[in-house]
Amino acid sequence: MTLRKVNISILIVAVVIFLLVLHHNFLGLSDFLKRELSDSNPLGLQPIDFIPAVPQRLADERNDKEISVVIAASDERLGGAIAAMNSIYRHTRSNVVFHIVTLNDTVDHLRLWLSNTALKNLRYRILDFDPRVLEGKVQVDPQKADTLKPLTFARFYLPSLVPHAEKAIYVDDDIIVQDDILELYNTPLKPGHAAAFSDDCDSTTNKVAVRGAGNQYNYIGFLDYKKETIRKLAMKANTCSFNPGVFVANLTEWKLQNITKQLEKWMALNVAEELYSRTLSGSITTPPLLIVFYKQHSSIDPMWNVRHLGSSAGKRYSPQFVKAAKLLHWNGHFKPWGRTASYAEVWEKWYVPDPTGKFSLIRRHSEAYEAK
C-alpha cells in the first residue's frame with residue numbers, strides 16, 4: 001500500500017508539472033498573439049497585404065538600406081499614388097518598402113494595379129484606414145460631408161503605420177520624385193526633433209512671386225489669432241508655415257513626445273472652439289501640425305519639395321528648374337492627371353496605366369516638356 005501511495009504521489013506531481021509547463025507555454029503564446037494583434041491593428045489600421053522580399057535578382061542589384069515610405073491612396077486619386085511610387089522606385093537602389101494607406105473599397109483595385117503591371121516587384125504593405133478613429137476630432141459640415149478626406153489624416157498616425165521603423169518618409173499622392181529617395185531619408189534631424197519639413201518661406205518658394213498670396217505662408221493664414229486659446233500659445237502670427245505634404249519623421253522621437261496624441265488634442269479643440277482660420281489657405285491637416293511643431297522641427301532641402309505646381313494653370317517654373325528639382329509637388333486644385341496642371345507631361349512619364357481601365361487621364365493639349 002505504501003509503494004502504491006508513493007507511485008500515485010509521483011504521478012500527481014508529474015501531472016501538476018506537466019500542467020504548469022502547458023500553462024506557461026499557453027501564456028507565452030497568448031502574449032505573442034496579443035503583440036501581433038496590437039501591431040497589426042493599431043488605431044483601426046488593418047494590414048491587408050505585404051510582399052516581404054524582392055526577387056533575388058533585384059535584391060542583388062539593390063543595397064541593403066530599407067526605407068519606409070508612407071503614402072495614402074484613395075480610389076479617385078489612385079493613379080497619383082501609382083505614379084509617385086513608380087518614380088521613387090525607379091530612382092533608387094535602396095530597398096524601399098511602401099506602406100500604402102487606403103480604404104477598404106480600394107484594396108482590390110490597388111492590388112490588381114500593383115500586381116499586373118511593371119510595378120509587380122515593388123515591396124509594399126497595404127493598410128486599411130478606419131475613419132472612425134477621427135470621430136470627435138474633425139468638424140464635418142453636413143452640406144460638405146463628401147469633401148472630408150479621412151486619408152489626409154493618415155500622416156498623423158505614422159508610428160502605427162510603421163510600428164517597427166525608427167524613421168520614415170511621408171509623401172502626398174500628387175508628387176513625382178526625380179532623384180534618389182535615400183538622400184531625403186538621410187536628412188539630418190536635430191536632437192529632440194520628430195520631423196523635418198520644407199518651410200514655405202524657403203529660397204525655392206521665393207524664386208517665384210505669388211500674386212495675392214497674402215498670409216498663406218504664415219501661421220496667421222492657418223490659425224485664428226482672435227481665439228484666446230491660440231493667443232495663449234504665444235506663437236508669432238508672422239511665423240513662416242511649412243508644407244506637410246512631404247516630410248521625414250524620426251519615429252522614435254515621435255513616440256517619445258506623443259506627437260499623435262498632441263495632434264488629436266488640437267483636432268478635438270478645433271471641433272469645440274473653431275481654432276483654424278476661416279480663410280484657411282491649405283489643408284485642414286496643416287494647422288495642428290503647425291501648432292505641435294512650432295519651432296520644433298528640422299528642415300529638408302527645399303529642392304525635395306518644389307511645390308505649387310497645382311496652384312496655377314500657368315507654368316510657374318522654368319523647364320530647367322523643373323528638371324533640377326528632386327521632388328515635384330502638385331499641391332493645389334490642379335492635379336497632373338487633370339486637364340490644366342503645369343508640367344503634367346513630366347508626371348505622365350511615371351504614370352502606369354490602370355489595367356482595369358477605371359482610372360483614366362484627361363488628355364491635355366499642352367506644350368511638350370523640354371529641358372534645354
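Residues are numbered from 1 along the chain as its sequence is written, and side-chain values use heavy atoms, with hydrogens and water left out. Because the model is predicted, local features need pLDDT of at least 70 and side-chain atom pairs count only at pLDDT 80 or more, while totals for chains, interfaces and linings use all residues.

The chain has 13 helices and 10 strands. Both kinds of element are DSSP runs numbered from the N terminus, helices being H or I runs of at least four residues and strands being E runs of at least two. Of the 372 residues in the chain, 50% are buried. Buried means under 20% relative accessible area, exposed means over 50%, and partly exposed lies in between, with a 1.4 Å probe and protein chains only. A contact is a case of heavy atoms within 4.5 Å. Among contacts between residues at least 6 apart in sequence, 77% join residues at least 24 apart.

Strand 8 pairs with strand 5 (residues 167-171) in the antiparallel sense, over five bridges. Two strands count as paired if DSSP finds at least two bridges between them. In this pairing, K167 stands opposite N250 of strand 8. Strand 7 (residues 195-199) also runs antiparallel to strand 8, and four bridges join the two. Here A196 is the residue opposite V248 in strand 8. In a regular strand the side chains alternate between the two faces of the sheet.

The next topic is a pair of helices. Two packed helices are described by the angle between their axes and the distance between the axes. For helix 3 (residues 78-90) and helix 4 (residues 107-115), the axes come within 11 Å and cross at roughly 35 degrees. Axes are lines fitted to C-alpha atoms, for helices over the stretch in contact, and angles run from 0 to 180 degrees between N-to-C directions. The crossing of helix 3 and helix 4 is right-handed. A crossing has that hand if the near helix is turned clockwise from the far one by less than a right angle, and is left-handed if anticlockwise. L78, G79, I82 and M85 from helix 3 meet H109, L110, W113 and L114 from helix 4. By class, this contact has six nonpolar residues, two polar and no charged ones. Ala, Val, Leu, Ile, Met, Phe, Trp, Tyr, Cys and Pro count as nonpolar, Asp, Glu, Lys and Arg as charged, and the others, Gly among them, as polar.

L275 counts as buried because its relative accessibility is 0%. Leaving out residues up to four places away in sequence, L275 touches L223, D224, K227, T229, I230, W266, L269 and N270. L275 and I230 are 45 residues apart in sequence, but 7.1 Å apart in space from C-alpha to C-alpha.

Two of these partners can be followed further. D224 sits in the loop between helix 7 (203-206) and helix 8 (228-231), and is buried at 13% relative accessibility. Beyond its neighbours within four places in sequence, D224 is in contact with I230, E274, L275, Y276 and S277. A polar atom of the D224 side chain lies 3.0 Å from the backbone nitrogen of K226. N270 belongs to helix 10 (residues 259-273) and is buried too, at 7% relative accessibility. With residues up to four places away set aside, N270 touches Q139, L275 and Y276.

Q178 lies in the loop between strand 6 (175-177) and helix 6 (181-185). Its contacts, not counting residues up to four places away in sequence, are H91, V322, K323, A325, K326, L328 and V346. A polar atom of the Q178 side chain is 2.9 Å from the backbone oxygen of V322. Q178 and K323 are 145 residues apart in sequence and 8.1 Å apart in space, C-alpha to C-alpha.

H308, between strand 9 (298-299) and helix 12 (319-324), has a positive phi of about 75 degrees although it is not a glycine. Y343, between strand 10 (327-329) and helix 13 (344-348), is not a glycine either, and has a positive phi of about 55 degrees. H308 is buried at 8% relative accessibility, and Y343 is buried at 2%.

Key: A polar contact is a pair of N or O atoms within 3.5 Å; within protein, one must be able to donate a hydrogen and the other to accept it, and residues adjacent in sequence count only if both atoms are side-chain atoms.
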